Amino acid sequence: MEFDLENPLEYFHDLPNSQDVSSLFLIESDHIPPLNYFQNLKSNEFDASVRTDFISLISQLSCNFDPFVTYLAINYLDRFLANQGILQPKPWANKLLAVTCFSLAVKMLKTEYSATDVQALMNHGDGGFIFETQTIKRMEALVLGALQWRMRSITPFSFIPYFTNLFMLDDITLKVLKDRASEIILKSQKDVKVMEFKPSIVAASSLLYSSHELFPFQYPCFLGIISNCSYESVMECYNVIQDIAKEEYESMFNVHSSSGTPVNVLDENFLSLESEKTNGTNVAHTTMIQEKHFKRRKI
């Protein structure tokens, strides 16, 4: 059966029932790194930088694939490193592990790719290493053993249907909210601070932040629903996600500002004013035509 991040358990249906959801909450801790892994990354800059390098390699390999492939590959990476520890980095070993996590994620999500495509991606970057198929397969067996063959990862996406079902939204609002929450979850995975929280907490916090951003008038209602579920650390995670979103907006603003030379800024302002004038003239002209038409019909 094809693996779906929103429905990780094989017996899930379109909407999870109470028994399925209870199972998710019970086993979600088995699909994330232990807390000491997060604490080590938080206190050890070297290990954190090694993890960043791994994520960069995986992102390069999966740049032309669905973002969920990247997410699942990084999930496998973190769980493997938490089990095996972060050793002294070696370029070939790092690339082999990145390729292996990427390969396993692609297979789980049934994404079409070939070994030739992977080799081309590896050779495209700096220091291209060519690994034989058997070498990758042996590394896959090592990763599978470290993960205890738990490849149907329980992630924040697994809890999105449960929480959105509580909100009782129309289809359009639901899609907009889920899309924005998914964006936040994908972006937040690279931040070490998010690893402190369980997937269910990250899902609830991402939906809350998205609702506050998109539907501020409905936010108190969503907050009340989440609060009734008694999730103690939701607001703490919400604050972390809020900081990540702020950094996202600031980076976008900086990119826009850096491209705006004084001449460009003046040109933009001039064009904006001209557009307003044109629009004003068009509106006045249209209004006059409508008034004349109305008078003729009245006569």
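Reader: Let's start with lysine 193. What does its relative accessibility make it count as?
Author: Lysine 193 counts as partly exposed, because its relative accessibility is 38%. Keep in mind that this is a predicted model.

Reader: Which side chain does lysine 193 meet in a salt bridge?
Author: Aspartate 191. The side chains of lysine 193 and aspartate 191 meet at 3.2 Å, N to O.

Reader: And aspartate 191, buried or exposed?
Author: Aspartate 191 counts as buried, because its relative accessibility is 16% and the cut-off for buried is under 20%.

Reader: Which residues do salt bridges with shared partners join into one network?
Author: Arg180, Glu183 and Glu213.

Reader: How many salt bridges does the structure hold?
Author: Seven.

Reader: Back to arginine 180. How far apart are the atoms in its salt bridge with glutamate 213?
Author: The distance is 2.6 Å, N to O, between the side chains of arginine 180 and glutamate 213. That pair links distant parts of the chain, 33 residues apart. Arginine 180 is in helix α9 and glutamate 213 is in helix α10.

Reader: Is arginine 180 buried or exposed?
Author: Buried, with a relative accessible area of 8%. Glutamate 213 counts as partly exposed, at 26% relative accessibility.

Reader: What about lysine 175, what does it pair with?
Author: Lysine 175 forms a salt bridge with aspartate 179, and their closest N and O atoms are 2.8 Å apart. Both lie in helix α9, four residues apart, which is about one turn of the helix.

Reader: Lysine 175, buried or exposed?
Author: Exposed, because lysine 175 has 53% relative accessibility and the cut-off for exposed is over 50%. Aspartate 179 is partly exposed, at 37%.

Reader: Switching topic. How many cavities of 30 Å³ or more are there?
Author: Two. The largest cavity has a volume of about 260 Å³. The second largest cavity holds about 40 Å³ of space.

Reader: Which residues lie nearest the centre of the largest cavity?
Author: Ile32, Tyr71, Asn75, Gln189 and Met195, out of 20 lining residues. Helix α4 gives the largest share of that lining, four residues. By class, the lining has 12 nonpolar, four polar and four charged residues.

Reader: Which domains does the lining of the largest cavity draw on?
Author: Domain 1 (28-147) and domain 2 (156-254), with at least three residues from each.

Reader: And what lines the second largest cavity?
Author: Arg180 is one of the lining residues, and Ile184, Lys187 and Glu248 are among them too. Helices α9 and α12 (234-258) each supply at least two residues of that lining. The lining divides into four nonpolar, one polar and three charged residues.

Reader: One more. Where does threonine 100 lie?
Author: In helix α5 (residues 91-108). Threonine 100 counts as buried, because its relative accessibility is 0%.

Reader: What is threonine 100 in contact with, leaving aside neighbours within four places in sequence?
Author: Ile136, Met139, Glu140 and Val143.

Terms used:
Residues numbered from 1 in each chain as written. Predicted model: local features only at pLDDT ≥ 70, side-chain atom pairs only at ≥ 80, totals over all residues. Heavy atoms only, no water. Buried < 20%, exposed > 50% of the residue type's maximum accessible area, 1.4 Å probe, protein only. Contact = heavy atoms within 4.5 Å. 1 Å grid on protein atoms, 1.4 Å probe; cavity = no way out; pocket = protein on both sides within 12 Å on 5 of 7 lines; lining within 4 Å. Points joined across faces, edges and corners; volume = space filled by probe spheres on them. Nonpolar A, V, L, I, M, F, W, Y, C, P; charged D, E, K, R; others polar. Domains from an automatic or database assignment. Salt bridge = Lys/Arg side-chain N within 4 Å of Asp/Glu carboxyl O.
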